[in-house]
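Welcome! Have the sequence and the 3D view at hand as you read.

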Amino acid sequence: MNSPAWQIEMTITKFHEMLCIDPTVGPELVNKYLEAIKQHDGTLKSLITVNHTALKTAIEKATETVKFNQANKPFPSLHSVPIILKDNYGTADLPTSAGVKALQNLRTKDDSEVVSQLRAAGAIILAKANLHEFALQGITLSSLGGQTLNPYDKTRTPGGSSGGTGAALAANFGLVGCGTDTMNSLRSPASACGIVGFRPSTGSVSGVGIVPVSQTQDTAGPMGRTVKDVRILYGAMKRPGGGKVDSMEVSEEVIHRSGHQVRIGVLEAFFHPESYTDTAVHLEYMAENQIVQDIIRSSLEFIQEQDADITLVPIIPSSHPDWSYETLFAQADTQAFEFKHYLDEFLQSPLVSSTPHRSLESIARSSEFDRQAMTHVFSAALEDPGTFSLTSEAYRSRLEYISSLRESVNHCFDRYDIDALVYPHQTQLAVRIGAKKQSGRNGVLAALTGRPAICIPAGRSPNTASAVLGVPIGMELMGRRWGDDELLDIAERAEGILKGRVGPILH
């Protein structure tokens, strides 16, 4: 355990290379992570449940490793890989809470479909991570898991809603992890915690058995410390055929250019800050935004300098409709309309073997949730069921808006002949503990259009007393619908140039 190999951040490829030499490395890695969790997670609060059978499973897997080695057979893609799951993934052997105290004893008869695929690929479920309650906001505060802290600056949040997974991977509590994304929730923690978060094309990963928010916008996806690890994990998560078989929509054509040429549109509208009525807050935000802009723009310049086959194309705001968060949230976000319907459907499904509550209304009456963590999405359909339902005119209007939004983004890609758009995921740093929400996030465009999007580390803010390495800042790339593999290729090239990942210093 003290060899130089253990001093680096482990990757799936490196881990499997080590297993080929020594099968006992599998249990050793699980032990390493369990020790790190025991030492540091009392402070970070990134996890809700640690799987106490994980080490036993790792020892059993070591026996399988011996057989694979003796037969000179390749390992399954996730053989013996310790994975951290966001605690809205159904797991037959562990509770599934969505971070909500009212659901702390919810159990499912079977794993969610994607967890079944992970186990079939050889994964070990190491722990289930904290999340923002019901996955409804971006600061990772829940009645069951408390407030998760950012490993780089414990005065700040880790983003969210998959912030527990993000913080745990940043702190090296597991090899890779899984989160979900309804608005920003895979990419926000990636940006805030200096890791990689990938939102696949909506529909490419099964959501069956995962506590839902919005069928229109939800997707599960992989998180890791490298794009390659995320790619391997995504390969095990995605549906056979990538989900296209069940889709009635026309697949967007992925452009195949000669050689390694790539055209990336720089979405200028997503670089600029929101405005605040409070002068002091506005000035602080403007200063943070300047830091973010400087880092993202210098990173893009460096990418173009180092890779002559990458062309950056400015996308001016006047060339497309208003894609700001404020406009898209007000006109298109479907969460408040769909949450109650799909949550009740999940709670009442045969998959759920036991739960104290079978409806959102029952949970609301229990008061076993954190009111500070809740948003309008939680209460909307309870207070105004006529408006916030799947049959209302307001809901139909939003679906029509989303359809026109998809067309406008298609038009932008075609007009500029680009393979991806790039922008900062957050136009300000991760907010401080005590803030009610994380403002300045740009992930909603991909969430509403169903496009793949990935956030990679681009750099860090200047160091301070509370952030000795600075606060991570993430660069987001959004690709063409169903162009997941092509987007991962672009992200891996950018990551190889920037080398933006630096692990936190834990005390």
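## A buried glutamate

A residue counts as buried when its relative accessible area is under 20%. Keep that cut-off in mind as you look around this model, which is predicted. Let's begin with Glu338, which sits in helix 10, spanning residues 335-347. Its relative accessible area is 1%, and because that is under the 20% cut-off, Glu338 is buried.

What does the side chain of Glu338 reach? It comes to 2.9 Å from the backbone nitrogen of Gln215. Setting aside neighbours within four places in sequence, Glu338 is in contact with Val213, Ser214, Gln215, Thr216, Leu390 and Tyr395. Another glutamate, Glu274, is 64 residues away along the chain, and the C-alpha atoms of Glu338 and Glu274 are 27 Å apart.

## A threonine in a strand

Now move to Thr108, in strand 3, which covers residues 107-108. Is Thr108 buried or exposed? With a relative accessibility of 3%, Thr108 counts as buried.

The side chain of Thr108 reaches the backbone oxygen of Asp110 at 2.9 Å and the backbone oxygen of Thr91 at 3.3 Å.

## One face of helix 4

Next, look at helix 4, made of residues 113-120, where Val114, Val115 and Leu118 are buried. Viewed down the axis of helix 4, the buried residues lie within an arc of 100 degrees, so they line one face of the helix.

Just after helix 4 comes Gly122, with a positive phi of about 105 degrees.

## Two crossing helices

Finally, find helix 8 (residues 279-306) and helix 15 (residues 484-498). Their axes come within 10 Å and cross at roughly 100 degrees, which means that helix 8 is roughly perpendicular to helix 15.

Which residues make the contact? Helix 8 contributes Ser299, Phe302, Ile303 and Gln306, while helix 15 contributes Ala494, Ile497 and Leu498. Sorted by class, the contact between helix 8 and helix 15 has five nonpolar residues, two polar ones and no charged ones.

Notes:
Residues are numbered from 1 along each chain as its sequence is written. This is a predicted model: local features need pLDDT of at least 70, side-chain atom pairs count only at pLDDT 80 or more; totals for chains, interfaces and linings use all residues. Side-chain values use heavy atoms; hydrogens and water are left out. Helices (H or I, at least four residues) and strands (E, at least two) are DSSP runs, numbered from the N terminus. Buried means under 20% relative accessible area, exposed over 50%, partly exposed in between (1.4 Å probe, protein chains only). A polar contact is a pair of N or O atoms within 3.5 Å; within protein, one must be able to donate a hydrogen and the other to accept it, and residues adjacent in sequence count only if both atoms are side-chain atoms. The arc is that of the directions from the helix axis to the C-beta atoms. Axes are lines fitted to C-alpha atoms, for helices over the stretch in contact, and angles run from 0 to 180 degrees between N-to-C directions. Angles under 35 degrees count as roughly parallel, over 145 as roughly antiparallel, 65 to 115 as roughly perpendicular and the rest as oblique. Contact means heavy atoms within 4.5 Å. Ala, Val, Leu, Ile, Met, Phe, Trp, Tyr, Cys and Pro count as nonpolar, Asp, Glu, Lys and Arg as charged, and the others, Gly among them, as polar.
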